[in-house]
Amino acid sequence: MKLTYCFTAAFAASCLLALSANAQESSYPTRPVNFVVPFSAGGPTDAMARILAQKLGERLGQQVVVDNRGGAGGSIAAELVARSKADGYTLLFGTTGTMAINPSLYAKLRYDPIKDFAPISLMATTMNVLVVNPKLPVKTLSDLVKLAKAKPDELTYGSAGNGSSNHLSGELFRTSADIQINHIPYKGSAPALVDLLAGRISMMFDTIAQQTQNISAGKVTALAVTGPKRSPLLPDVPTAQQAGLDDFDVTIWYGVLAPHGTPDAIVNRLHREIAAIMATEDMKARMQRDGAAAQSTTPAEFTDLIKTDTAKWTPVVKNSGASLN
């Protein structure tokens with residue numbers, strides 16, 4: 001009799017938990033959601049976040065408000081979300097940089113990408129393209145590697161600054177190809193591109209969307225893209241792997257995360273909505289125009305990706321010598 005009572009009580013408790021989760025999911029959200037973007041308004045990351053915020057707001061029936069909190073490579077925004085109430089009303093538009101690179105780049109990072117967040121889903125992935133000044137006597141990636149080996153420490157590559165994705169793309173290229181090229185950091189990609197076009201630096205890794213016109217106009221020569229597959233925007237440009245650098249892969253991703261402890265019901269609701277948005281032909285076409293690919297993952301898959309990429313980028317950052325406070 002006592003055993004039957006315990007079983008009945010346990011069953012009732014599990015039913016109450018399930019009903020509570022269902023009620024929580026069906027009622028969420030009841031007010032606007034704050035969507036924290038780790039970079040300033042007007043840039044490519046901000047543009048990507050805003051289109052997702054708009055579509056997500058339409059599906060949730062509540063406004064999703066973009067809150068730009070730039071600075072410290074996205075760390076300011078990530079810390080803000082990590083310290084926010086875990087109720088689904090403050091979300092982070094996370095990037096490879098904020099979640100997988102910053103832990104080894106910043107000496108005093110005040111958030112833990114794994115312990116402090118509940119990953120929800122990827123939104124998109126993109127890649128860089130390696131471009132060189134047309135006057136450089138190379139036509140292929142193999143030519144560039146041969147030139148760098150023949151002239152160690154003479155070739156230079158520019159970046160948007162220490163620890164940026166184009167800096168670390170260059171660092172991974174340097175170690176993968178076993179060559180000596182010098183890094184020239186700038187305050188953003190734009191001034192680096194100015195010097196590349198003028199021939200003051202030899203090469204740079206940059207986003208495909210920002211280089212397609214320069215490539216078409218012959219202002220720069222594209223040698224390889226950094227992802228595992230060719231870009232639809234540059235179908236004639238091989239991947240670095242196809243050009244001879246085995247296992248070279250710099251895939252940049254964007255996704256949505258909530259503070260750790262956010263109820264599973266809310267995480268799962270947001271995951272389903274984001275997955276549905278990114279599966280539409282409209283979003284696939286929009287991402288492709290921006291040189292990206294629409295994506296979605298389960299929360300568990302997103303968590304695994306963060307762990308894998310953190311392990312990948314930690315030695316690259318350390319080998320580069322880049323360190324920020």
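Start at Ser-202. Leaving aside neighbours within four places in sequence, Ser-202 is in contact (heavy atoms within 4.5 Å) with Val-131, Val-132, Asn-133, Leu-136, Leu-155, Thr-156 and Leu-196. Select those residues together with Ser-202.

Before going on, note that this is a predicted model, in which local features need pLDDT of at least 70, side-chain atom pairs count only at pLDDT 80 or more, and totals for chains, interfaces and linings use all residues. Residues are numbered from 1 along each chain as its sequence is written, and side-chain values use heavy atoms, with hydrogens and water left out.

**Stay on Ser-202.** Ser-202 sits in the loop between α7 (189–197) and β7 (203–207). Helices (H or I, at least four residues) and strands (E, at least two) are DSSP runs, numbered from the N terminus. Is Ser-202 buried or exposed? Its relative accessibility is 9%, so Ser-202 counts as buried. Buried means under 20% relative accessible area, exposed over 50%, partly exposed in between (1.4 Å probe, protein chains only). Now show the backbone nitrogen of Thr-156: the side chain of Ser-202 reaches it at 3.1 Å.

**Next, the core.** Select Phe-93, Met-123, Leu-144 and Phe-173. These have the most contacts inside the largest nonpolar core, which has 80 residues. Such a core is a set of buried Ala, Val, Leu, Ile, Met, Phe, Trp, Tyr and Cys residues joined through side-chain atoms within 4.5 Å. Strand β4 (residues 117–132) gives the most to this core, with eight residues. Centre on Leu-144. Not counting residues up to four places away in sequence, Leu-144 touches Leu-130, Val-132, Leu-136, Val-138, Leu-155, Phe-173, Met-203 and Leu-223. A second, separate core has 16 residues, including Met-127, Leu-193, Met-204 and Val-220.

**Then helix α9.** Select residues 264–278. At 1.5 Å times one less than its number of residues, this helix should span 21 Å, and its end C-alpha atoms are 21 Å apart, which agrees. Eleven of its 15 residues are buried, so α9 is largely enclosed by the rest of the structure. Among them are Arg-269, His-271 and Glu-273.

**Zoom out.** The protein has eleven helices and ten strands. Its C-alpha atoms fill a box of roughly 85 × 35 × 35 Å, taken along the principal axes. Of its 325 residues, 50% count as buried.

**Last, colour by pLDDT.** This is the predictor's confidence in each residue, from 0 to 100. The mean is 92, and 92% of residues reach 70 or more. Select residues 11–21: their pLDDT is below 50, and beyond near neighbours in sequence this stretch has one contact in the model. Where pLDDT is low, the predicted coordinates should not be read in detail.

Conventions:
A polar contact is a pair of N or O atoms within 3.5 Å; within protein, one must be able to donate a hydrogen and the other to accept it, and residues adjacent in sequence count only if both atoms are side-chain atoms.
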